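Please read them with the structure open beside you.

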Amino acid sequence: MKCSTFRKESLGARELTEACLAHVQQCSDCRDLYEQGRALRELLALKRYEKIPGDSLDQTRRSFRVAVAEPAETPGYGVAQLLRYALAGAFVMLLVMNFSVGPELPAIQPPAQEARSVAAAPAMAFPGPYLAHSNAEPAGIQYGPLPSRLVNFNY
Amino acid sequence: MDKTEKESAALVPGEVPDADLVARAQMGDAAAFEALIGRWHEKIYSLVYGMTSNREDAQDILQEVFIKAYRSIGRFRGTASFYTWIYRIAVNHTINYRKKRTRQAALSLNEMDDSIEKDPVFERLQVFHGPRHEVSVSELHEKLNKALQTLSDKHRTVVVMHDMEGVPHEEIAKMLRCSTGTVRSRLFYARRLLQQELKDYVP
């Protein structure tokens, strides 16, 4: 017998089968495991010495008689439950009505082009390239808006 | 022979079988159901108390379980025994009751019978611990219940049903609507945890 088979068979067994007993005699691991399990079961079984309170049965019977004498509450149809269902129904109805019978909105159109009168820009005289005298070129002419200026990088 | 037949066979001569009492209760006979309460009260109490370790909770749950069972007895078809059916109600109701609690209830334990001191297992514990540290009944009682409360509901249920109530794996599987393999693995895991918790008491 394999250890796994033994463990499966012995787990719920009150008494071991012959095959299991033979395995226990050969395998010390399974023997220890079985002995520990048995000791634990015996320990837990001591809980049977706990006394049930003497008036427990009477109390149970009394509460049963009271419950039987009361009109049985039909589950799910109490006033609170009914109100809850009604509210949920109303909410669903509102949702449905909103989607099905709501006013149809016109299709979305792109906004019409706005007619704007733009005043004609005054014609500006083109000043032409700025010509400055410079020593950079042999001809002494530098093309650009302004002549170069020295910049103080140590500032 | 199925479980119902076995129960009927084990009845004291003259005692009405569960199935007959159930049939009468289904016709609205509250007295017949009260007879069922008397018959199963102790077993259900032990199960619920084992799961809660609190006597006040156990009593409340027990009352609710029987009232719930009476109100839904019309739906009991008799495919399983009454005992399987009411155990299932008790287990589910206890688990739900504990879930609704915002914080865990403290232990509130029943008294122990004095005859425990003569139990060979208890006597062996004294030898195991030696004369210097004798195990008192109350100490052991508290340790056992505390250890059980460290388990999750589903693991504790299996331990209580199998190791304390002696319900076989197959019956537990039917009651909890799971496979016997699941019952076995839960039992194996729960015992491993309990062994750690109770290592001072298990050789």
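1. What share of the 203 residues in chain B is buried? Buried residues make up 35% of them, where a residue counts as buried if 20 or more other C-beta atoms, placed from the backbone, lie within 10 Å of its own, as exposed if 12 or fewer do, and as partly exposed in between. In chain A, buried residues make up 9% of the 155 residues.

2. A word on the basis of these points: this is a predicted model, in which local features need pLDDT of at least 70 and side-chain atom pairs count only at pLDDT 80 or more, while totals for chains, interfaces and linings use all residues. Residues are numbered from 1 along each chain as its sequence is written, and chains are lettered from A and ligands numbered from 1 in the order in which they are written.

3. Chain B has ten helices and zero strands, whereas chain A has five helices and two strands, with helices and strands taken as DSSP runs (H or I, at least four residues, for a helix; E, at least two, for a strand) numbered from the N terminus. In chain A the order from the N terminus is α-α-α-α-α-β-β.

4. Contacts along the chains can be set side by side, two residues being in contact if their C-beta atoms, placed from the backbone, lie within 7 Å. Among contacts between residues at least 6 apart in sequence, 66% in chain B join residues at least 24 apart, and in chain A the figure is 16%.

5. Between the chains, 30 residues of chain A are in contact with 42 residues of chain B. On the chain A side, the elements that give two or more residues are α3 (28-45) and α4 (56-69). That side divides into 15 nonpolar, seven polar and eight charged residues, where Ala, Val, Leu, Ile, Met, Phe, Trp, Tyr, Cys and Pro count as nonpolar, Asp, Glu, Lys and Arg as charged, and the others, Gly among them, as polar.

6. Within chain B, helix α3 (residues 30-52) packs against helix α5 (residues 82-100) at an angle of about 35°, with the axes 10 Å apart; axes are lines fitted to C-alpha atoms, for helices over the stretch in contact, and angles run from 0 to 180 degrees between N-to-C directions. The residues that meet include B:W40 and B:I44 in α3(B) and B:I86 and B:A90 in α5(B), and this contact divides into eleven nonpolar, two polar and no charged residues.

7. Which residues of α5(B) are buried? They are B:F82, B:Y83, B:W85, B:I86, B:Y87, B:A90, B:V91 and B:T94. In the loop between α4 (55-71) and α5 of chain B lies B:G78, which is partly exposed because 13 other C-beta atoms lie within 10 Å. The C-alpha atoms of B:G78 and B:A23 are separated by 9.4 Å, although these residues are 55 residues apart along the chain.

8. The axes of helix α8 (residues 153-164) and helix α10 (residues 180-197) of chain B come within 9 Å and cross at roughly 95°, so α8(B) is roughly perpendicular to α10(B) (65 to 115 degrees; under 35 is roughly parallel, over 145 roughly antiparallel and the rest oblique). Among the residues making the contact are B:V158 of α8(B) and B:L187 of α10(B), and by class it has six nonpolar, two polar and two charged residues.
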